[in-house]
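This report describes selected features of one protein model.

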Amino acid sequence: EDSTRVAGLETGELDVGVLIPPEQVDRLKARGLQLGAVDLAQGMVVNLRSNVPGPLQHRKVRQALNYAVDKEAILRSILRGYGRLLQGQVVGPDAFGHNPHLAPYAYDVARAKRLLAEAGYGGGFEVTFHGTIGRYTKDKEIEELIIGQLAEVGVRARLEIVEGGVYIQRHIARQLGPLWIWAWQYFPAMDADLPLNFFTCAGVGNFFCSRDFDDLFAQTRREMDPGRRRALLQRLALLVREEAPVIFLVQTPGIYAAQPRVKGFTWRPDYLMDLHRVELQRR
């Protein structure tokens, strides 16, 4: 747990701790610990189950939910500047297949309301939002902010917290949602193929289905030329942005702390820790 890791660092019981809450950074620095941060290779989103009857079947509704959420506020107020915005795609710029020409959905309440009205949901709707506590950095706070902002456009989301182990089981069994928080990982290969694989009609969790997506994704797996494959993955990223099967949020932060006696420790975006050059000085 967050509090246990922070306490272990403060007492000296732990040499290194990872996934440090952003609000604990200044406190640990004041106690003489070394602090570092990376943008982890996982894109935090809210998955939208769009392949079942209901409002989320409509692309304009899914786009409206993206405009309704202030991603900058998540980054600034909750994550305290750590991490970075997803550019309307599920991977960051450190992934093969990232499309540099895409931009995040702007925070635009008026546009969100207009799109909902055009889709026939001007009065909003009710929906279940499954969330977690402690699975991702500041997940509960992010979930609560999203629910508050969705309410401003008439979407009344009921938050239900699910224990971590059960969460995975229910995701695989297609029992989460229609909205649920998730972080799509793309390590260790640092390639967009891994998360995009789950967006196919036959993907685990099965929450989105587009024949155009499936056809293009199949092309990426047949293409052996790196340049052409990158271009295909970038076309897929554009398709996903327009179809909006998720609410794009942030590339999650990986804040870590180490005792002064630890020399040379770093944490990589792919979650790996190279300990070959790490030294632990005698106390």
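## Terms and model

Helices and strands here are DSSP runs, a helix having at least four residues and a strand at least two, and both are numbered from the N terminus. By this numbering, Lys138 lies in the loop between strand 4 (125-131) and helix 6. The model is predicted.

Phi of Lys138 is positive, near 60°, although the residue is not a glycine. With a relative accessible area of 14%, Lys138 counts as buried, because the cut-off for burial is under 20%.

Lys138 is also one of the residues that line the largest pocket. By class, five of the lining residues are charged, three are nonpolar and two are polar. The pocket holds about 200 Å³ of space.

In soluble globular proteins, nonpolar side chains tend to be buried together. Here the largest nonpolar core has 67 residues, and Val90, Ile146, Leu150, Leu196, Phe199, Phe213 and Leu249 have the most contacts inside it. Strand 6 (residues 179-185) gives the most to this core, with six residues.

## The cavity

One cavity of 30 Å³ or more is found. The largest cavity has about 50 Å³ of space. Its lining consists of Gln89, Val90, Val91, Gly97, Ala192, Leu196, Ala237 and Val240. Six of these residues are nonpolar and two are polar, with no charged residues.

## Helix 4 and its ends

Helix 4 spans residues 71-78, and its buried residues include Lys71, Ala73, Ile74, Leu75 and Ile78. The buried residues of this helix pack against helix 3 (59-68), strand 3 (84-85), helix 6 (139-151) and strand 7 (246-258).

At the start of helix 4, the backbone nitrogen of Glu72 has a side-chain oxygen of Asp70 within 3.2 Å. After the helix comes Arg80, with a positive phi near 55°. Arg80 lies in the loop between helix 4 and strand 3.

## Cis peptide bonds

The peptide bond between Gly177 and Pro178 is cis, with omega about 20°. Pro178 lies in the loop between helix 7 (164-172) and strand 6.

Another cis peptide bond runs from Phe187 to Pro188, with omega near 5°. Pro188 lies in the loop between strand 6 and helix 8 (193-197).

Technical notes: Residues numbered from 1 in each chain as written. Predicted model: local features only at pLDDT ≥ 70, side-chain atom pairs only at ≥ 80, totals over all residues. Heavy atoms only, no water. 1 Å grid on protein atoms, 1.4 Å probe; cavity = no way out; pocket = protein on both sides within 12 Å on 5 of 7 lines; lining within 4 Å. Points joined across faces, edges and corners; volume = space filled by probe spheres on them. Nonpolar A, V, L, I, M, F, W, Y, C, P; charged D, E, K, R; others polar. Core = buried A, V, L, I, M, F, W, Y, C linked by side-chain atoms within 4.5 Å. Buried < 20%, exposed > 50% of the residue type's maximum accessible area, 1.4 Å probe, protein only. Contact = heavy atoms within 4.5 Å. Polar contact = N/O pair within 3.5 Å; in protein donor to acceptor, adjacent residues only side chain to side chain.
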